[in-house]
Amino acid sequence: MNIEAFLSAPLHIQIHALAAIGALGLGVVQFSAPKGTINHRTLGYVWVGLMVLVAVTAYFIRTTTGGFSLLHLLIPVTLIGVVWLSVLARKGHVKRHRSAALVLMITALGIPGAATLIPGRLMHAVIFGG
């Protein structure tokens, strides 16, 4: 583990990574905890806030050439997804809300999270050293 690599990264990347890790962990809690409670709703708002923070900070992360990557296509997907999740929950569409949350967890956190573990990327260096 190389925490120095993380600490030397730009602030927006640190915020992005911490928000993504927090959203991933909280998402797992949300899926395993009782539904329909005040706690579920409150933690859901926190999760949405983390996801928005992940999406917004992702905009400022650029490739080594200064441009966007294919992962940046997930920014609007994430922002639209959290709005859609909120609408489904408010309308009482529990099964659709759960399915949409699972899809968003996989597409906005799982896939990009796995991509961060590719050699040469920051989180690979943090976790595996180097």
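Modeller: Residues are numbered from 1 along each chain as its sequence is written, and side-chain values use heavy atoms, with hydrogens and water left out. Because this is a predicted model, local features need pLDDT of at least 70 and side-chain atom pairs count only at pLDDT 80 or more, while totals for chains, interfaces and linings use all residues.

Colleague: Are α4 and α5 roughly parallel or roughly antiparallel?

Modeller: Helices are DSSP runs (H or I, at least four residues), numbered from the N terminus, and axes are lines fitted to C-alpha atoms over the stretch in contact, with angles from 0 to 180 degrees between N-to-C directions. The axes of α4 (residues 74-90) and α5 (residues 94-115) come within 9 Å and cross at roughly 160°. Since angles over 145 degrees count as such, the α4 helix is, relative to α5, roughly antiparallel.

Colleague: Which element gives the largest share of the lining of the largest pocket?

Modeller: A pocket is an open set of points on a 1 Å grid over the protein atoms alone, where a 1.4 Å probe fits, with protein on both sides within 12 Å along at least five of seven lines; lining residues have an atom within 4 Å of a point. The largest pocket is lined by 31 residues, with His16, Ile61, Pro112, Thr116 and Arg121 nearest its centre. Elements giving two or more residues to this lining are α2 (11-32), α3 (38-59), α4, α5 and α6 (122-128). The largest share, six residues, comes from α2.

Note on methods: Parallel < 35°, antiparallel > 145°, perpendicular 65-115°, else oblique.
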